Amino acid sequence: MPPLSLLLLALASVPSAQGVAPKPVPPPGVRALPSAEAPSLTADGSLAAPPVPLEEAEETEEVEAESAELEELRALEGAALDPESKPNAEMMQSLRRLGLTNPLRLRMLDALEEPTFREDDTPPALARITDLSTFDVSLVKDRFDIPVDMQPRVAEYIQFFQGPGRKWFRKWMARSTRYLPVMQPILESRGLPRDTVYLAMIESGFSAHAYSWAHAAGPWQFISSTGKQYGLKQDFWVDERRDPIKATHAAAAYLKDLYGELGHWYLAWAGYNTGSYRVRKMVERYGTRDWWLLAEEKGLAKETKHYVPKLIAAALVAKNPAAFGFSEEEFQYESALEYDEVKLTDATDLDVLARSAGVGVADVQELNPELKRWCTPPATAAKPYVLRLPSGTATRFAENFQKLSPADRLTFRVHTVKRGDTLSQIAQQYGTAPEAILQMNRLKSARTLKVRAELVIPVPTGRGGNGAVSGALATKVAQARRSGVVAARPEDEVPAGTPKGPVAAGPVKTEKVNGRTRVTYGVQEGDSLWLIANRFQVSVDDMKKWNNLPRRNRTLSVGTLLMVWPSEPAGTGPAKVEERGGTIVVASAVAGQAPAGPKGKVHTLAEGETLWSVAQRYNVSVEDIMKWNRIKDHRTVPTGKLLSLSAP
């Protein structure tokens, strides 16, 4: 390469602004000039231009003019920002006159080694920083579109990421390459700095499944109320806070509102952490919007005071990992998030969708983290559900999905668990399998169901011979078993709403305390303080005082033990009590409910009772009750049936 001085000397012979400059290479589709028509020197030493067609001349003049304007702007900008390393505007004007494709101009740019003039405007690598106390953050401020300051707390967080927090920061960095390409354009389109994306890094490490103690979810850690306020749906089927695309749109809107209210990005970030009201009050109380001053005052939680420096530290290290002591070998970078979208008009099993696309279920779940069930939400042709599939699979999916027979599909119902429900009973009611219910609701097992819990029930649309379930349901059951899902035996299931442990029913114990009779009473279904007080001929106020109950009446929980000091003589007090199989019962009541028959005691099955609860009460097994009463299916025993509680 010729010395820079010779190239500068060559510039002296370049014609002035009134001279003729050679034109760029014609665009694709236009005949290129033969080598014989290449530019040559004229008699006065200036560069002569080859003939150019008129239509090309008009087009290239516009390109030249636009490029010249941009180059001059960059030159002036460069000279203003860094006068020592940038050539002056006059030199750039001379370079411009050479034309966009002139070989001398290109060689001149190579010789200058000036990043400002090149298409690749990636900033040079930052030198290794060994002493944070002397690090001049102004050297990198122009690499960020968010404000970055070097404060002691920022340095502390950088050291944390370098040391104790290193393994987490590695994960964050590895995951960042998956989400930055999709999140940053969204932020920019909403008028936010692209580097705001590092707020998601410190919130969740870019994890779609992150869930905090405050019940915040997703990559941007929205709490439920704020998520709904900014349009993120949360229902039985989906939680859009977990979706990286939808949540980023919501976060951008929220942060833009915070910035508009508080006036500085540092304050907006703090408001994202603690709420705008608290930050605004701090600004009003201390009369300043300087975040670093506010962070020294009382009124903000420690987490909030650390939030801004943590974000700045994360951004500094993430953009310059080598300078802060990280090697490329430490990061297992993930590929950028890419996908196809398909529209579904009905709730559909994820396993069926995955097989139609020729991918694994995990691939579908990873691209659609908002889904809470093993299927997509109900949808219609007017309001379809948009599902993401791995990039390049949409065509294959459309072809295979149309070929599915009814037997290969499942429809879905939602069941709200009632008191007394068991999983096997629910499965029988809908003609499905317990394992399929567990799989669809992402449960490993369910010996006991919670009252009022909602379950998605997969319902088969086709059956094989002899009533055997076939197709999609059989596949779902097999898949559930392979993944470790285990359905409890029907006889081992505990009906929903069954109290845990011993349940006190009625008077539990009568004893003498300092010469007075004290009864320990277990609250029964339908009891109230008034009923219990009347039973023992005492006042409600006394009941509250003896048991330290609040003045206002409250709902009593079945099984709660209450202390009662009856006013009647001891001989006419409550009936004797006894304990059987961990359940406290009144002896006389048991005798009345279960009169002795010719072959032992019997029990009338009351509404809401099950064989399991009866077995617990009388200290016998479900199997024995079924055997003694010739019961084949414990789920079909009618209310009012007399049960024999001893062997024939």
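Arg373 lies over the face of Phe236, at 3.8 Å from the ring centre, and Lys319 is placed likewise over Phe144, at 4.7 Å from the ring centre; a charge sits over a ring here if NZ of Lys or CZ of Arg is within 6 Å of the ring centre and within 35 degrees of the ring normal. The model is predicted, so that local features need pLDDT of at least 70 and side-chain atom pairs count only at pLDDT 80 or more, while totals for chains, interfaces and linings use all residues. Residues are numbered from 1 along each chain as its sequence is written, and side-chain values use heavy atoms, with hydrogens and water left out.

Salt bridges (a side-chain nitrogen of Lys or Arg within 4 Å of a carboxyl oxygen of Asp or Glu) come to a count of 22, including these:

| Pair | Closest N and O atoms |
|---|---|
| Lys418 and Asp421 | 3.8 Å |
| Arg481 and Glu435 | 3.1 Å |

Because Arg481 lies in helix α19 (residues 472-482) and Glu435 in helix α18 (residues 434-440), their pair ties together parts that are 46 residues apart in sequence; helices are DSSP runs of H or I with at least four residues, strands runs of E with at least two, numbered from the N terminus. Arg481 is exposed, with a relative accessible area of 53%, whereas Glu435 is buried at 12%, where buried means under 20% relative accessible area, exposed over 50% and partly exposed in between (1.4 Å probe, protein chains only).

Five of the seven residues of strand β8 (residues 516-522) are buried, so this strand is largely enclosed by the rest of the structure.
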